[in-house]
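Thanks, everyone. I'll keep this short. Here is the model on screen.

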Amino acid sequence: MYLLKGDENYFLDENLKKIVQEIKENLNEEVEIYHFSFKVNIEELIGAIENSDIFSSPRIVILRNCDFMNEKSKVNQKVSEDIIKLLSYVSDDTHIIFTQYVEKFDKNFVPSEIFDFVLKNAEVIECNKMNEKMLFNFVLNYVKKQCGEIDEMALATLISNLPNDLSIIISEANKLLSENKYITLTMVENSSFSLSSKIDFAFLDALIKFESFSEILKKFNEQVNFGQSSAIIISQIAKTLSDAQTIYFYKKDKTKIEDICQRMQIHQYRLKLLNNFLIRVTYEKIKIWIQELSKLDQEIKLGIVDENIGLETFIVNLFK
């Protein structure tokens with residue numbers, strides 16, 4: 001059993017891929033893979049872990065950000081005990097991998113009994129964001145591994161112009177490498193960052209205001225036509241929904257507005273917009289959308305759903 005935890009989605013995804021690949025290579029036979037995330041159907045989980053016999057193929061059970069890992073989800077005590085019992089007697093041909101996105105000092109995440117059990121019994125791999133120096137070296141080495149080079153000032157500018165999100169940084173580095181294997185400062189300065197930022201802002205602004213379906217869809221299509229990847233668009237939507245959910249929990253705890261801004265590191269005006277968004281759409285819908293977005297992300301990665309059709313359908317369903 002593995003537990004990948006931290007606040008850097010890039011490392012969570014990369015380590016997950018690495019572990020799955022290692023398990024497949026070691027077994028050298030067909031493997032069944034089961035995916036679970038957020039709100040887990042316990043009966044389906046039990047079926048995936050328990051239903052094994054001498055004729056069954058080895059299986060990998062992947063559990064991403066499951067609600068029962070967070071005490072604040074208030075999972076039924078009997079269910080919690082059943083899951084711990086289930087995890088205590090896993091057959092040798094069943095490999096379980098938990099991935100848990102946890103921000104540092106996140107007051108909205110309280111480790112549950114299940115999380116503590118997994119933490120104690122699993123092989124734990126930390127997947128945390130890096131400081132600026134480590135990030136600089138990581139991206140530099142990544143570019144070299146792609147048989148490329150990058151000017152020192154170009155790298156500094158690239159990192160400073162983008163959020164501390166390796167998925168986004170690596171994606172932009174790959175775009176530049178596709179133009180030229182030697183990335184210069186001029187390439188970075190003449191890149192589409194500024195235009196991309198404006199298009200990103202327009203889409204998120206339309207989403208947060210949540211006034212017009214046609215406007216949200218129009219701004220979404222502008223991103224697609226600009227060449228923005230589904231992973232980045234999903235990340236944008238997920239961040240907006242996650243921020244709104246975080247505000248809900250802070251409000252529930254009667255946290256002051258100034259303290260919320262400081263803890264979330266956002267401007268008071270953006271807090272106001274997110275709070276209005278939360279009030280307009282309700283927390284119940286946000287919870288459902290987070291689950292649906294996670295499911296869509298998995299289906300896109302597995303090739304089950306076309307990324308553009310899947311995202312457009314998700315946006316259409318927001319107004320149902």
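First, the bounds: domain limits here come from an automatic or database domain assignment. The protein chain splits into domain 1 (2–126) and domain 2 (134–318). Their C-alpha centres are 26 Å apart.

Ground rules, quickly. This is a predicted model, where local features need pLDDT of at least 70 and side-chain atom pairs count only at pLDDT 80 or more, while totals for chains, interfaces and linings use all residues. Residues are numbered from 1 along each chain as its sequence is written, and side-chain values use heavy atoms, with hydrogens and water left out.

Now the interface. How many residues of domain 1 are in contact with domain 2? The count is 12, and they meet 17 residues of domain 2. Contact means heavy atoms within 4.5 Å.

Next, area. Interface size is often given as the accessible area lost when the parts come together. Between domain 1 and domain 2, about 1,300 Å² is buried, and carbon and sulfur atoms give 54% of that. Buried area is the accessible area (1.4 Å probe) that two parts lose on being put together, summed over both. On the domain 1 side, Tyr-10, Phe-38 and Asn-108 lose the most area to domain 2; together they make up 41% of what that side buries.

The rule: a side-chain nitrogen of Lys or Arg within 4 Å of a carboxyl oxygen of Asp or Glu. Lys-72 forms a salt bridge with Asp-253, with the closest N and O atoms 3.8 Å apart.

Which elements build the domain 1 side? Both α1 (9–27) and β2 (32–37) supply at least two residues each to the side that touches domain 2. α1 gives the most, with 3 residues. Helices (H or I, at least four residues) and strands (E, at least two) are DSSP runs, numbered from the N terminus. By class, that side has 3 nonpolar, 3 polar and 6 charged residues. Ala, Val, Leu, Ile, Met, Phe, Trp, Tyr, Cys and Pro count as nonpolar; Asp, Glu, Lys and Arg as charged; the others, Gly among them, as polar.

Last item: backbone. Most residues other than glycine have a negative phi. Cys-147 has a positive one, near 65 degrees. Cys-147 sits in the loop between α5 (132–145) and β6 (149–150). At 66% relative accessibility, Cys-147 counts as exposed. Thr-282 also has a positive phi, about 80 degrees. Its loop runs between α13 (268–281) and α14 (283–301). Thr-282 is partly exposed, at 36%. The cut-offs are relative accessible area under 20% for buried, over 50% for exposed, and partly exposed in between (1.4 Å probe, protein chains only).
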